[in-house]
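Please look over the chain below before reading on. The briefing covers charge pairs, rings, surface and contacts.

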Amino acid sequence: DAFTSLERALSLNPNSAVVRGLRGLYFQRVGNNREALTEFQAAAKLQPDDPALFVSIGESFSKLGDMIRALEAYQFAVALAPEDVNYLRLLAQFCGQNNINIEEAGIVAAQRAVVLQPNDAGLQDLLGWLLLLDARYPEAERTLLHALELDSRNASAHFHLGMLYLQLDDRVSAQAQLVSARDLGNTDAQAVLDQYFP
């Protein structure tokens, strides 16, 4: 039993960040986000320079509905590893998925990630999506088209471009992009096609 083993590990070494982190993951998996948060916070006190622990704290706060503290935790992870594209990506995704601080945190993080890895189609798509959410349509279109120049089979970029063209009321372009997204495996595209192009 995993929990019994983790309890024993804790009793043997209560000041181990690894044990605390593993306990946090265990509680996260069983859906006990309050306990998960407690364990991740304990691990972060023992290992305060580990950005991954602050992402886990952010995820736990997010699942508990505390978006302000979640955002702060993701931002702290980025502050610990400002040149690590993965943490910038996670912060940007968090902002987009929760529609929180898109302009001040999400777009800024995605732009920094793109500067560090300009030829990453996924990062260009992420930035384009956030620009779309912020209603910066010309910039969003340029960025998403650039993502597709880098990888014409990026289903997510086709989907976001389709959503952008719907906003601009360019139905022909929207349908073409959404069909491409669907055919490349984007699961959301079919629902949007059914809604707008029955």
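What follows is a short briefing, grouped by topic.

This is a predicted model, in which local features need pLDDT of at least 70, side-chain atom pairs count only at pLDDT 80 or more, and totals for chains, interfaces and linings use all residues. Residues are numbered from 1 along each chain as its sequence is written, and side-chain values use heavy atoms, leaving out hydrogens and water.

**Salt bridges**

- The structure holds eight salt bridges, each a side-chain nitrogen of Lys or Arg within 4 Å of a carboxyl oxygen of Asp or Glu.
- Arg20, Arg23 and Glu39 are linked in a salt-bridge network.
- Arg20 pairs with Glu39, with the closest N and O atoms 3.1 Å apart. Arg20 lies in helix H2 and Glu39 in helix H3, so this pair ties together parts 19 residues apart in sequence. Helices are DSSP runs (H or I, at least four residues), numbered from the N terminus.
- Glu39 also bridges to Arg23, again with closest N and O atoms 3.1 Å apart. That pair joins helix H3 to helix H2 across 16 residues.
- Glu39 is buried because its relative accessibility is 3%. Buried means under 20% relative accessible area, exposed over 50%, and partly exposed in between (1.4 Å probe, protein chains only). Arg23 is buried too, at 6%.
- Asp120 forms a salt bridge with Arg89, the closest N and O atoms being 3.3 Å apart. Asp120 sits in the loop between helix H7 (102-116) and helix H8 (121-133), while Arg89 is in helix H6 (residues 85-98), 31 residues apart.
- Arg89 is partly exposed, at 22% relative accessibility.

**Aromatic pairs**

- There are three aromatic pairs. Rings of Phe, Tyr and Trp (its six-membered ring) pair if their centres lie within 6.5 Å; planes under 30 degrees apart count as stacked, over 60 as edge-to-face and the rest as tilted.
- Tyr26 and Phe27 form an edge-to-face pair, 5.5 Å centre to centre with 70° between the planes.
- Tyr26 is partly exposed at 23%, whereas Phe27 is buried at 9%.

- Ser60 lies in helix H4 (residues 51-63). Its relative accessible area is 0%, so Ser60 is buried.
- Leaving aside neighbours within four places in sequence, Ser60 is in contact (heavy atoms within 4.5 Å) with Gln28, Asn33, Ala36, Leu37 and Phe40.
- Pro48 is in the loop between helix H3 (33-46) and H4. Pro48 is partly exposed, at 46% relative accessibility.
- With neighbours within four places in sequence left aside, Pro48 is in contact with Phe54, Phe76 and Leu80.

Technical notes: Helix = DSSP H or I, 4+ residues; strand = E, 2+ residues; numbered from the N terminus.
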